[in-house]
Amino acid sequence: MRLLEVSGVSVTFDGFRAIDNLSLAVEDRGLRAVIGPNGAGKTTFMDIVTGKTRPDEGRVVWGEENANLLKLRESRIAQAGIGRKFQRPTVFEDQTVRENLAMSLKAPRGPFAVLFARRAEEGRIRGIADEVGLAGQLSRRSGELSHGQKQWLEIGMLLAQDPRLLLVDEPAAGMTPAEREHTTDLLRRLARDRAVVVVEHDMDFVRRLDCRVTVLHEGSVLAEGSLDFVTSNPDVIDVYLGR
Ligand SMILES: Nc1ncnc2c1ncn2[C@@H]1O[C@H](COP(=O)(O)OP(=O)(O)OP(=O)(O)O)[C@@H](O)[C@H]1O
């Protein structure tokens, strides 16, 4: 099923067209990599989807009901199921891994929910920690984690909100080879039952993701397909790889 559809979107900053008639669709499951040269519009694309930037024209529709995301505030879009992972981790360093995850879980409502909430919450926290590979780190102060572990914790914090679409900005940056491998496995696993869109510069990392690739250039889609397909496209070689 089609989860997100961006069509004919344009954004102009001070007369400069950062996004130019961009159309791009994302299915409800699976991984997608978005690549492209500096200034291609990758960050602005994510800003539009998350409601941070409003386009001048075009449509952005979401979910079964084709909800118009352009009418929703940022907080509403997050609640609708779009989670965004920025490049630098923003975990609470003085809190433990468990406390960081607990804060991100949806607050249970109602008097009966509260009675059972603690045990259920611990189960969720353990489940998420397991999923991102931090099961042995729950009691550690987050500030002591490695850079990669902080990134995984932040992904865990997003998972606590059950997103249907995860937008992940340059996850491999600053990671050791072992951390990259773990991150690739994690993203691929997460994409089994949700949509995961990864913006990434590192071609080796993209290759290991082994997924459909969208190449952006000057604010629109230049090519789309497997990595081998797009990297053999002469236009892509010209604007991105050949330099
Ligand atoms: N708020 C803004 N005001 C003015 N220009 C902007 C603004 N945001 C982005 N731009 C410009 O829009 C273009 C697209 O930027 P964007 O950050 O989306 O590209 P990118 O593909 O993410 O690049 P990078 O790979 O360097 O992160 C760039 O030329 C940038 O300078």
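A crossing of two helices is termed left-handed if the near helix is turned anticlockwise from the far one by less than a right angle, and right-handed if clockwise. The structure is a predicted model, in which local features need pLDDT of at least 70 and side-chain atom pairs count only at pLDDT 80 or more, whereas totals for chains, interfaces and linings use all residues. Residues are numbered from 1 along each chain as its sequence is written. Helices (H or I, at least four residues) and strands (E, at least two) are DSSP runs, numbered from the N terminus.

In the sense of that definition, helix 3 passes helix 5 in a right-handed crossing. The axes of helix 3 (residues 97-104) and helix 5 come within 8 Å and cross at roughly 30 degrees, where axes are lines fitted to C-alpha atoms, for helices over the stretch in contact, and angles run from 0 to 180 degrees between N-to-C directions. Helix 3 and helix 5 are therefore roughly parallel to each other; angles under 35 degrees count as roughly parallel, over 145 as roughly antiparallel, 65 to 115 as roughly perpendicular and the rest as oblique. Val 97, Asn 100, Leu 101 and Ser 104 of helix 3 make the contact with Leu 153, Gly 156 and Met 157 of helix 5, two residues being in contact if their C-beta atoms, placed from the backbone, lie within 7 Å. This contact of helix 3 with helix 5 comprises four nonpolar, three polar and no charged residues; Ala, Val, Leu, Ile, Met, Phe, Trp, Tyr, Cys and Pro count as nonpolar, Asp, Glu, Lys and Arg as charged, and the others, Gly among them, as polar.

Helix 5 (residues 147-159) also meets helix 6 (residues 177-190), their axes coming within 10 Å and crossing at roughly 15 degrees, which makes helix 5 roughly parallel to helix 6. The crossing of these two helices, helix 5 and helix 6, is right-handed. On the side of helix 5 the contact is made by Gly 148, Trp 152 and Ile 155, and on that of helix 6 by Glu 179, His 182, Thr 183 and Leu 186. By class, the contact of helix 5 with helix 6 holds three nonpolar, three polar and one charged residues.

Six strands form an open sheet with mixed pairing, in the order 6-7-8-3-9-10, two strands being paired if DSSP finds at least two bridges between them. Strand 6 (82-85) and strand 10 (220-225) are the edge strands, each pairing on one side only. Neighbouring strands of this sheet are turned against each other by 20 degrees on average, direction ignored. Within the sheet, strand 3 (residues 30-35) and strand 9 (residues 212-217) pair in the parallel sense over four bridges, and Val 34 has Thr 214 of strand 9 as its bridge partner. Helix 1 packs on this sheet, touching strand 3, strand 6, strand 7 (165-169), strand 8 (195-199) and strand 9, and its direction makes about 150 degrees with that of strand 7.

A further open sheet consists of four strands in the order 2-1-4-5, with antiparallel pairing; its edge strands, strand 2 and strand 5 (67-68), each pair on one side only. Strand 1 (residues 2-13) pairs with strand 2 (residues 16-27) in the antiparallel sense over eight bridges, Leu 22 of strand 2 being the bridge partner of Val 9. In the hairpin of strand 1 and strand 2, which has two residues between the strands, Asp 14 takes a positive phi near 45 degrees. Strand 1 also pairs with strand 4 (residues 57-62) in the antiparallel sense, over five bridges. Helix 1 lies across strand 1, strand 2 and strand 4, running at about 65 degrees to strand 2.
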